[in-house]
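Here is a short note for a first reading of the model below. Please keep the structure open while going through the numbered points.

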Amino acid sequence: MMMEIKTYVVQEGHSDKIVQGFSEPGAVEKAPGFVDLSVLVQKPHKGEEEVVVMIRWESKEAWKQ
């Protein structure tokens with residue numbers, strides 16, 4: 001199992017745009033070895049939002065593809 005984690009820091013009120021972009025199936029979900037995708041939003045600082053995208057793959061080899 002391989003987990004890819006991406007973090008985006010945006011101004012408060014703009015995380016919805018990123019979440020929406022990951023809510024519709026795309027090329028990642030169709031890739032061989034894809035397991036699942038999770039999107040989390042947190043507010044670590046006033047005026048900012050952090051969007052964390054976690055993508056699980058069957059293996060490191062599948063992730064490299």
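**Notes on the fold**

1. Read along the sequence, the protein chain follows the pattern β-α-α-β-β-α. That comes to three helices and three strands. Please bear in mind that this is a predicted model. Taken along the principal axes, the C-alpha atoms fill a box of roughly 40 × 20 × 15 Å.

2. The protein chain has 65 residues, and 23% of them count as buried. Consider also the contacts between residues at least 6 apart in sequence: 60% of these join residues at least 24 apart.

3. In what order do the strands of the sheet stand? The order is S1-S3-S2, in an open sheet of three strands with antiparallel pairing. S1 and S2 are at the edges with a single partner strand each, so one side of each has no neighbour in the sheet. On average, and with direction ignored, neighbouring strands of this sheet are turned by 15 degrees against each other. As background, strands of a sheet pair through backbone hydrogen bonds, either parallel or antiparallel.

4. The pairing can be followed strand by strand. S1 and S3 are joined in the antiparallel sense over 10 bridges, and in this pairing Met2 stands opposite Trp57 in S3. Strand S2, residues 34–42, also pairs with S3 in the antiparallel sense, over eight bridges. Here Asp36 is found opposite Arg56 in S3.

5. The turn between S2 and S3 deserves a look. These two strands form a hairpin with five residues between them.

6. How many residues of S3 are buried? Seven of its 10 residues are, so S3 is largely enclosed by the rest of the structure.

7. Which residues make up the largest nonpolar core? There are nine: Met2, Val10, Ile18, Phe34, Val51, Val53, Ile55, Trp57 and Ala62. Strand S1 (2–11) and strand S3 (48–57) each supply at least two residues of this core. The strand that gives the most is S3, with four residues.

8. The structure holds two aromatic pairs. In one of them, Tyr8 and Phe22 are tilted, at 6.3 Å centre to centre and with 45 degrees between the planes. This pair links distant parts of the chain, since Tyr8 is in strand S1 and Phe22 in helix H1, 14 residues apart. Tyr8 has 30% relative accessibility and so counts as partly exposed. Phe22, at 24% relative accessibility, also counts as partly exposed.

9. Because Phe34 lies in strand S2 and Trp57 in strand S3, the pair ties together parts that are 23 residues apart in sequence. Trp57 counts as buried, at 6% relative accessibility. Trp57 was named above as a member of the largest nonpolar core, and Phe34 belongs to that core as well.

10. Is Ser15 buried or exposed? Its relative accessible area is 4%, so Ser15 is buried; the cut-off for this is under 20%. Ser15 lies in helix H1, which covers residues 15–23. The side chain of Ser15 makes a polar contact with the side chain of Glu49, at 2.8 Å. Not counting residues up to four places away in sequence, Ser15 touches Val10, Val41, Glu49 and Val51. Of these, Val10 and Val51 are listed in the largest nonpolar core.

Technical notes. Residues numbered from 1 in each chain as written. Predicted model: local features only at pLDDT ≥ 70, side-chain atom pairs only at ≥ 80, totals over all residues. Heavy atoms only, no water. Core = buried A, V, L, I, M, F, W, Y, C linked by side-chain atoms within 4.5 Å. Buried < 20%, exposed > 50% of the residue type's maximum accessible area, 1.4 Å probe, protein only. Pairing = 2+ DSSP bridges. Polar contact = N/O pair within 3.5 Å; in protein donor to acceptor, adjacent residues only side chain to side chain. Contact = heavy atoms within 4.5 Å. Axes fitted to C-alpha atoms, helices over the stretch in contact; angles between N-to-C directions. Phe/Tyr/Trp six-rings, centres within 6.5 Å; stacked < 30°, edge-to-face > 60°.
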